[in-house]
Each structure stands twice: as structure tokens, then as C-alpha cells.
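Keep the viewer open and take the points one at a time.

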Amino acid sequence: MLGNFCYHNPTKLYFGDDSLTYLRDELKNYGSNVLLVYGGGSVKKSGLYYELLGMLAKCGKNVAEVSGVMPNPTVEKLIEGTAIAREHNTDLILAVGGGSVCDYSKALSVSVHCADDPWQKYYIRFEEPDCRIVPVGCILTMAGTGSEMNGGAVITNHDSKLKIGHVFGEDVMPKFSILNPRYTMTLPKYQMCAGIYDIMNHICEQYFSGEDDNTSDYISEGLMRSLIHSSRIAVNNMQDYEARSNIMWTATWALNTLVSRGKSTDWMVHMLGQSVGAYTDATHGMTLAAVSLPYYRFIMPFGLKKFARFAVEVWGVSAEGKTYRELAEEGLSAMEIWMKELGLVMSLRELGVTEDMIEGIADGTFILEGGYKVLSRDEVIHILKESM
Ligand code: NZQ
Ligand code: ZN
């Protein structure tokens, strides 16, 4: 049964290869002080940065910048950005980049006017903002996280070896996001594929929980089929606009709260992956890829019917004459073949994890109640060891 819920997503999207032209209209809704936030330089290389500066100048905006937002943005960087945003009396934060830049901008939006220590308030005590929130707009250059249409903002604290996501409410979600698939075409293949697996896993995290017959799971199956199809095209031809645009659109729907409506969710692969990320600073999607199959093979017996359904509905495995167990195993094998086609990282060792980190990674893994099995700490360690 589909549970009771409220669904509302306030982010306005502009999608397509002309989507940047709508930025001018959006800018009219905000004051003149714009803070441009971007990463390590890909936006300069692509020329997007210079195009934006031109547009902002034409619209009469005063621009300050936070540059060098790193993948897996840190708490130190957040503090640095907060000072710049305050000094600039920022009216709008314009995030130009991937999930890291978008997440960072949302974290910044609730930190600029926060009287408290943002890390303690939002990431340790998980409190909600009670200060003025600076609006955020996104121009996305990498498909994967769904950050462009959700309230998630993941921040890493290297001192305490914790990578934590706070899912903020509607008032922190981007006011608008510009999604131009062409901007993603300069991504290295490694990042494109990491993003693709992130999308797949977001859907799996919401799919592998519960046995009820609900529309959300049917939507998830459609999204997964589209992603698998388009990813196989994109991995062979990264300039295929149709495939890249479908991947970008799937990423947004995979994590904008739609497919979790009315059902329980899992999220344990992300809890494991985030803890790995805190230790290694590895690419988010690859941390998920490395732990996924050991995790799913471990919980499969507890959610056998759903894993069998996954095999048939997502991977097209024929059900004829097979037990649920056989089907479930075939489904995961099909996923493994696809993951290898994409060249995903399939072991934690390849991400720099060493045996002596396992205990600490287990300590940093938040154990959630969803999915088909609440893991014990020993089981977390077992899965991490299997992922080596
Ligand atoms: O920094 P630049 O130079 O821009 O390079 C980036 C970065 O090195 C590069 N890149 C991005 N767009 C590019 C490009 N290079 C060439 N051409 C382009 N068009 O790609 C690298 C990775 O970018 P990043 O933003 O870190 O990747 P992603 O989008 O995967 O974001 C990862 C972060 O998002 C968090 C992750 O934990 C991680 O911190 N997540 C956020 C979520 C959310 N808001 O809901 C959910 C996710 O599960 C995830 O946890
Ligand atoms: Zn993710």
C-alpha cells in the first residue's frame, strides 16, 4: 500500500541546450549582489564562467566569487565561503558545477546568517535553520547527485573523519536550476560513469525497501531502465546528446523526493560510501560502486521477492522455471556486468582503503533502519571486508 504523504518540490527547472538564456529572467527576482560559486576550474576551461560573467554584468549585478570548491566540500571551505558571502552582503548564491558545488552552496545559504557553528548545528545536532536563508540558483555541469532539485548538502570534516549529509527543507532547495546536458559533455569518462552509478544507486536505495505494490517502485523501474539504456550509449559515445540528456533528467528524478513517496527507503550503501569518502576523499559514485554488490548480496535473502522483481523488471531476466533466489542472483549478476561495462571501481582497495581503516570506516557508518535488514556493526565490517 502506498502510505500517506505530502509532495511538493519548489525548484523551477530549465532544461535543454538553450536553458541558460532563462537566467536573465531569473536574475530579475533577486538583489544585485551575486555570489558566484564554482569548483576547481572546469567552468573556466569550458568557457561557461566567462559567459556567465558577461551575463551578470549585463544584468547589472555586482559579483563576488568563491572558487575552488573541492569534490566532497569541507567544513573549512564552508567557513571561508561564509566570510566572503557576508562581506558581499549576498542576495543570491549562483552555484555553477556538480553536486559538490550545489551542496556547498546550500550549506553556505544556511550558514551566512547563522550565529552558531554551522557544522555543530546542522551536521552534528541536525537542527534546522532558524536564520535568514540566502537563495540559491544552480547551473549544473555534472549529472548524478540530484542536488539541483533537492535539499541535500553533504559536508566533510577531515579532522573528525566524518562525511555527513543534512537534507534541508524546501526553503533551502534551489530556487531554480539550469540543466543543459551539453555542459556535462566535458566531464572525464570516470566522472560521467561515477555520476551514472550514483543515479542508479539513488534509485536502488529507495527501491530496495518494502514489499508493497506502489507506483513509486514502478516509476523507479522505468528510471532504471532508461538509465541503463542511455548509459550504454553514452559510455561508447560521450557526445551523444540524446543519451546525455536522458541521463541528466533521470538524475534529477532519481533524487528529488518523488520515488520515495509513500514508501520506506534503505540508504545503507550511501552510509557505507560516505564513511569511505571521509577516509579516502574518493569520488562519491565510486565509493558506492565498491560497496554495492557485497551489500546487496548480503541483504538479498531478506528481500528476496524484491530482488527477483528487480531482475525481471529492470534487467529483463526471464522468470520461467526459476526460483526467487535464482532470479535475484541473476539480477545482481546483470547489474555487475553493467557496472563492469562502465568501468566502475569494484573494490575499496582501488580507492585507497587499507585493512587498518576498516574499523574506523565502520564507526563512521550511520546504521539506518530501512531496507530489509538492520545491520550490526559486525555485519558492516563483514560487508566492508567483502568490498576490499
Ligand atoms: O571542480 P571542477 O573543476 O568543476 O571539477 C569537477 C570535479 O573535479 C568535475 N566536473 C564537474 N563538472 C564538470 C567537471 N569536469 C569537466 N567538465 C564538467 N562539466 O567533476 C569532479 C566531480 O565533481 P563533483 O561536483 O564533486 O561531483 P558530484 O556531482 O558527484 O558531487 C559529489 C558530491 O555530492 C554529494 C557527494 O557526497 C559529494 O560530496 N552528494 C549530494 C547529494 C545530494 N545533494 O542529495 C546526494 C548524493 O548521494 C551525494 O552524497
Ligand atoms: Zn549519491
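1. **Ground rules.** Helices (H or I, at least four residues) and strands (E, at least two) are DSSP runs, numbered from the N terminus. By that definition the protein chain has 15 helices and eight strands. Please keep in mind that this is a predicted model, in which local features need pLDDT of at least 70, side-chain atom pairs count only at pLDDT 80 or more, and totals for chains, interfaces and linings use all residues. Residues are numbered from 1 along each chain as its sequence is written, chains are lettered from A and ligands numbered from 1 in the order in which they are written, and side-chain values use heavy atoms, with hydrogens and water left out.

2. **Burial and contacts.** Buried means under 20% relative accessible area, exposed over 50%, and partly exposed in between (1.4 Å probe, protein chains only). Buried residues account for 59% of the 388 in the protein chain. Contact means heavy atoms within 4.5 Å. Of the contacts between residues at least 6 apart in sequence, 79% join residues at least 24 apart.

3. **Surface and charge.** Accessible areas come from the Shrake-Rupley method with a 1.4 Å probe; for residues, only the protein chains shown count as cover. The protein chain exposes about 15,300 Å², and carbon and sulfur atoms supply 52% of that area. For charges, Lys and Arg count as positive and Asp and Glu as negative, while His and the chain ends are not counted; each charge is placed at NZ of Lys, CZ of Arg, CG of Asp or CD of Glu. There are 34 positive and 47 negative charges in the protein chain, and their mean positions are 4 Å apart.

4. **Aromatic pairs.** Rings of Phe, Tyr and Trp (its six-membered ring) pair if their centres lie within 6.5 Å; planes under 30 degrees apart count as stacked, over 60 as edge-to-face and the rest as tilted. By this rule the count comes to 19 aromatic pairs. One of them joins Tyr38 and Tyr49, whose ring centres are 5.1 Å apart and whose planes meet at 55 degrees, so the pair is tilted. Tyr38 lies in strand E2 (residues 33-38) and Tyr49 in helix H3 (residues 48-58), so this pair ties together parts that are 11 residues apart in sequence. Both Tyr38 and Tyr49 are buried.

5. Tyr207 and Phe208 form an edge-to-face pair, 5.3 Å centre to centre with 75 degrees between the planes. Tyr207 is buried at 0% relative accessible area, and Phe208 is buried at 0% as well. Ring pairs link these two into a cluster whose members also include Tyr295, Trp315 and Trp338.

6. **Ser209.** Where does Ser209 sit? Look in the loop between helix H7 (189-207) and helix H8 (215-236). Ser209 is buried, with a relative accessible area of 2%. Beyond its neighbours within four places in sequence, Ser209 is in contact with residues including Lys263, Asp266, Lys306 and Tyr372.

7. **Thr141.** The loop between strand E5 (136-140) and strand E6 (152-157) holds Thr141, which counts as buried at 12% relative accessibility. Residues up to four places away in sequence aside, Thr141 touches Val43, Gly97 and Tyr183, among others.

8. **Two phi angles to check.** Most residues other than glycine have a negative phi. Phe126, although not a glycine, has a positive phi of about 50 degrees, and Trp267 has one of about 75 degrees. Phe126 is in the loop between helix H6 (118-124) and E5 and is partly exposed at 38%. Trp267 is in the loop between helix H9 (241-254) and helix H10 (268-280) and is buried at 19%.

9. **Val259.** The loop between H9 and H10 also holds Val259, which is buried at 0% relative accessibility. Val259 and Gln206 are 53 residues apart in sequence and 6.9 Å apart in space, C-alpha to C-alpha.
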